[in-house]
Amino acid sequence: MKLKESQSVSLGTLWWEFLPLSLSDVTMACGDPMMTTTLAHLPDAQNNLAAVGIAKSLAIFFESPIIMILHAANALAGSQDSRKALWRFTLLVGGGLTFLLSLLGLPIIFNFVGVSLLGIPSAMLATVSQVLLLMGGWPFAIAWRRYFQGLLIYHGQSRAVAKASIFRLLTLALVLTGGFFLRITGGILAGFALISGVIVEAIAVTIFARLSGAILPPQIEQPNLPRNLTQVWKFYLPLANSMMVVWGGRAILISILARAEDATIAIAAWSAAWGLVLVIANSTRMVQQMVIKYRHQVSDKQLLTFAMSVGAACSSLLLLMSLTPIGDRIVQSFIGNDLTLAKSIKPVLLICAIVPLFVALQNAIQGFLVSENRTGHVNLSTWLGTGTLLIISTFAINKGMNGAIAAAIAMITSMLVEISCLLWKRVAKSQ
């Protein structure tokens, strides 16, 4: 560690660089409550909310293998050969996943998969299928976007990342507003708005990367990085598997909720509440990029303190939202006049108030392990956490517990298990 450099990077400096990156995640997460609010004021709100929640969970599962391309691009940006290999990998995997998602969305396939494997109510099948077909290009656009985001972060262009995410949110808002006044069916409107926003953001980060010079070869080549497609695959596979497990588990969670006694309201309440939680919790995720970037300039203790301060601030905000009258008004405006849905959301928000702190801690420790090329340990922790999520939610649903509350309790427990495993691996390394 370079102590002189460490002293020049204060906690305030970390916060200052982190905030634009956090804004990019916040604006991305804001799309969910914006979409929920729009659908809540359109006809057949509960069914459309539940159907879009299912479709998006499936789309994100297909996106999951390329979510960590952002982290890989940041970590491998110090070598031109590594960048080129990762770019080829990005195009190959993104294109393949887009083909598979589009294939799943075909009614002849989805009608079978949706009923037999996911247990989706038959009334939702057509809407979910339509949303999936509209979002077919989602994985490819996300892969492209995250590659250039990683290059921008490596070159200190965090504000460009934030600007691109604002363009995405504005696009989403414009499409949702236009569709609302045209009274377009809720599911179709949501699918078109989601894919439009992410395509605009992918174009924006590409332009910013070219204008800023982030695509130019690095001035100093970093040694010991993966330099061909095979090496990149070996480095990236545990990260891809981790995200597939996470989002696969969350897709299965929806199918577990579909078997609850209060299935429709449970899926709608969990999708809406979790979307609101993620608006705040996602604002902490970029601490991982700060850890990867500054690992050799800042002490581990200072980086961990920074992550905890970010998580505590965001958890406090979510706690206030779940306990104060202002929070009640936010929830009411969020889901319209559906009192049953509002009543189901509030306890979920209270249980999940600790989620932002957990997400910050989780991402910080993952950042330490990724920077040490110990991606396999990240994968193991993810498997344990996701297994816990599915076991506890299944048990609670079988016991007749309220579906949304069962999902919230299972999610908190799974995060505790994953963080404990990550900490154990981290402490074992240091000893």
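1. Which helix gives the most to the lining of the largest pocket? That is H4, with 3 residues. A helix here is a DSSP run of H or I with at least four residues, numbered from the N terminus. A pocket is found on a 1 Å grid over the protein atoms alone, as an open set of points where a 1.4 Å probe fits, with protein on both sides within 12 Å along at least five of seven lines, and lining residues have an atom within 4 Å of a point.

2. Before you go on, a word about the model. It is predicted, so local features need pLDDT of at least 70 and side-chain atom pairs count only at pLDDT 80 or more, while totals for chains, interfaces and linings use all residues. Residues are numbered from 1 along each chain as its sequence is written, and side-chain values use heavy atoms, with hydrogens and water left out.

3. Back to the largest pocket. Its volume is about 610 Å³, where a volume is the space filled by probe spheres set on the grid points, which are joined across faces, edges and corners. There are 20 lining residues, and Ala-75, Gln-222, Ile-292, His-296 and Ser-371 lie nearest the centre. At least two lining residues come from each of helix H4 (69–76), helix H13 (287–294) and helix H17 (355–371). By class, the lining has 9 nonpolar, 7 polar and 4 charged residues. For these classes, Ala, Val, Leu, Ile, Met, Phe, Trp, Tyr, Cys and Pro count as nonpolar, Asp, Glu, Lys and Arg as charged, and the others, Gly among them, as polar.

4. Now look at the second largest pocket, which holds about 260 Å³ of space. Its lining has 17 residues, with Phe-61, Gly-248, Gly-249, Ala-251 and Ile-252 nearest the centre. Helix H3 (45–63), helix H6 (107–116), helix H11 (229–257) and helix H18 (375–398) each supply at least two of the lining residues. H11 provides the largest share, 6 residues. This lining has 13 nonpolar and 4 polar residues, and no charged ones.

5. Is H13 largely enclosed or open? It is largely enclosed by the rest of the structure, because 7 of its 8 residues are buried (buried means under 20% relative accessible area, exposed over 50%, and partly exposed in between, with a 1.4 Å probe and protein chains only). Those buried residues are Val-287, Gln-288, Gln-289, Met-290, Val-291, Ile-292 and Tyr-294. Their cover includes H2, H4, H8, helix H14 (300–323) and H17; contact means heavy atoms within 4.5 Å.

6. How many salt bridges does a search of the whole structure find? There are 3, where a salt bridge is a side-chain nitrogen of Lys or Arg within 4 Å of a carboxyl oxygen of Asp or Glu. In one of them, the side chains of Glu-17 and Lys-293 meet at 2.6 Å, N to O. Glu-17 lies in helix H2 (residues 11–40) and Lys-293 in helix H13, so this pair ties together parts that are 276 residues apart in sequence. Glu-17 is buried, at 14% relative accessibility, whereas Lys-293 is partly exposed, at 23%.

7. Next, find Glu-201 in helix H10. Glu-201 forms a salt bridge with Arg-145, the closest N and O atoms being 3.5 Å apart. That pair links distant parts of the chain, as Glu-201 is in helix H10 (residues 186–212) and Arg-145 is in helix H8 (residues 138–154), 56 residues apart. Glu-201 also forms a salt bridge with Arg-168, with the closest N and O atoms 3.0 Å apart. Here the partners sit in H10 and in helix H9 (residues 158–181), 33 residues apart.

8. Leaving aside residues up to four places away in sequence, Glu-201 touches Arg-145, Gln-149, Ala-164, Ser-165 and Arg-168.

9. H3 has 19 residues and reaches 26 Å from its first C-alpha to its last, close to the 27 Å expected at 1.5 Å a residue (the expected span is 1.5 Å times one less than the number of residues). H3 is mostly covered, with 16 of its 19 residues buried. H18 has 24 residues and reaches 35 Å, close to the expected 34 Å. After H18 comes Gly-400, whose phi is positive, near 85°.
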